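Q: I would like to learn how to read surface patches and salt bridges in a model. Can you take me through them?
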Amino acid sequence: MSKNKRTPSVYSSNPAVFKYGMMVLSVIIICIFLPKQPRFRFEYEKGKIWMHEDLIAPYNFAILKTSSEIKADRDQVLESVYPVYDNHTEIKGEENERFLNEFEGKWKGSGQEDREMGNYSQAITQILAHIYDRGVIGLTKKFQTKGEHYNFNLVTNNIAERKNTAEVYTREMALAYANSIIDSKNSISEKEWLKSLVGDYIQPNYVYNERLTDKLIAEAINNISTTRGMVQRGELIVANGSMVNNEVFQKVESLRMAYEEEARIGGDRNVVVIGQFLVVGLVVTLLMVFLYLFRIDVFSNNRLLSLILLVVTGMLIVLSWSLKLKLSSLYYIPFCIVPIIVRILFDTRLALNIHLLMVLVSGFFVPNSFEFAFLQVTAGMVSIYSIKTLIKREQFLISSVIILLTYFVAYLGIILIRDGSIADVGYASFVPFIVSVGLTLLAYPFIYAFERLFGITSDVTLMELTNTNSSLLRELSYKAPGTFQHSLQVANLAEAAIYKIGGNALLVRAGALYHDIGKMQNPQYFIENQTKGYNPHDGLTYEQSAQIIISHVSKGIDMAHKHQLPESIISFIRTHHGTTRTDYFYNAFIKAHPDKIVDEHVFRYPGPIPFSKETAVLMMADSVEAASRSIKEPDAENISNLVDKIIDGKLAQGQLRNSNITLQEVEAIRAIFKRMLMSIYHVRVDYDVKKTREVE
């Protein structure tokens, strides 16, 4: 993570006022959204020992039923509610009349003899009368279980009668009955014609009344009691040191619900707000102290500070909103999104600190706060650890899977401890964790948005920048292939060194790949891009040559701004030569003009010098790699002497004094550079000689 030096004026004008104003504003906003009722002061879990003093009932209260008990009561009530059907008595007369009106025309159209028409008409009239007297029902799948018959209430002229579907016809059964009667009458010769005719006049006259049925169901459910028994004032609910079994747990839970309901109605909200302000204010203050002690760069940068407070405040507002909506589970909330965002944009310590403080605040307002805190802290720690070194985008998905497994294992362990039985594990309880982890993937677009809004460079962006297929690096490899190869070698050296001493390896690699992009303007003036027999410096003065070489820094900065590279990458371009001289042209000028006064600034880079470990390592890697190309005999001794000479020179010139790098780390860097350069130039250590010397 790095700072953007072009800080907007809104952050820089009166920075102290703005900083502390943001802190107070965050505390106020969080307190506004948090629930305002007093909180039950006892912590308890099923299957655990009651660690508090003896709990005596302070007043009479009802014992609430468990969700499973209420579900069992609901199922029992639903079984006792029968569907309602309306008896449309008018259908019998209407269908019989329609048959008589249409029969004569259909009879004549069939070519039958007129003398038989009366017998046929009478037969069908009798069949229809029987069918409608018994009743034709339109079955409702909602009340059919495994195709069995069911009871129902038949309403005829506002009078209800209990019946069973076995006592009435369905339309199919009515047709079957009609066909059987027609087949049994030997006097009827045109049986098939009559069968096809009778079906046109059979329809349900017992019609399902959904509105009235639903009303009866709703009334029955509303009449279900949510309580079972009472606890009298002064009664011992649970003694200190006793086990919180199912019965005790339900009593304590009922007391908590009664207490919070009473507090919601009669509690002093102003007192609650004061308490919330103290708690939230303390947490935000601790966060500021942490930043002041361990991340002074973030504490001093109001832009970055406002981002952190925005993320924390936003997540706590989401929690408050979820509590007010009474979500079925608070584990739908993607709590791990905050540590992931902070880890990617800042660092591991800050991410863990913010996550712990945020979970502590949340624990005051969520039910089963210990369980909630345990799950969120463990999942948050895993989310931070799993992306400690972000080098591939797939790590987001891998991290999500690991977080989900952590949730599953932790929650399963809690259930087994609490219930003492694996048979009681409700697998639907794991669904909120799946949703939460899925929402955690929103960290990716959030990181992009925060980068754009607050000018931060995350590891995700650095990964994209280190892709050598990016347009700018492709252009560098085409226009200045020697410089491109040099940059790759510098990146390898610098990355290995920063891994050893600790630092942002992705940042230093990206900086190394782009540090010489300014050479694309005049690639032939740099030795790594020149061909044998031609040197464009031959026609220039030493001052002109020095200025062309020095100008690749300013040109690189201009190109970086044009291609919208982050300021953290531009810092490597600006500092990789520090305030050193172009010694070759400087010494050549003095040798050619011994009596002439030399303006040293003409031959010196404008700087500034490196200001971090990463920029310091790049400066050393750049100089060492470039100088190693001039070694005629790259053996172990020559490489070792070269590395020592380059690094000692940087130290002597004071180029590393602002980079917060120790001499011990410099020694580690020397060793890595020597080993890697020997590997590049295929230098072999003479182990026989070495062994002989050790023996001597």
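A: Start with the ground rules. This is a predicted model, where local features need pLDDT of at least 70, side-chain atom pairs count only at pLDDT 80 or more, and totals for chains, interfaces and linings use all residues. Residues are numbered from 1 along each chain as its sequence is written, and side-chain values use heavy atoms, without hydrogens and water.

Q: Which residues form a nonpolar patch on the surface?
A: Patch residues have over 30% relative accessible area and no salt bridge; nonpolar side chains (Val, Leu, Ile, Met, Phe, Trp, Tyr) are joined within 5 Å, like charges within 9 Å. Areas come from the Shrake-Rupley method with a 1.4 Å probe, and for residues only the protein chains shown count as cover. Here the patch is Val24, Ile28, Ile32, Phe33 and Phe277, with about 430 Å² of accessible area together.

Q: Which helix gives the largest share of the nonpolar patch?
A: Helices are DSSP runs (H or I, at least four residues), numbered from the N terminus. Helix H2 (residues 15-33) supplies four residues, the largest share. Phe277 sits in helix H10 (residues 269-294).

Q: How many salt bridges does the structure hold?
A: A salt bridge puts a side-chain nitrogen of Lys or Arg within 4 Å of a carboxyl oxygen of Asp or Glu. The structure has 29.

Q: Is Arg670 buried or exposed?
A: Buried means under 20% relative accessible area, exposed over 50%, partly exposed in between (1.4 Å probe, protein chains only). Arg670 is buried, because its relative accessibility is 8%. Arg670 bridges Asp644 at 3.0 Å, N to O. That pair links helix H28 (residues 663-680) to helix H27 (residues 636-652).

Methods:
Helices (H or I, at least four residues) and strands (E, at least two) are DSSP runs, numbered from the N terminus.
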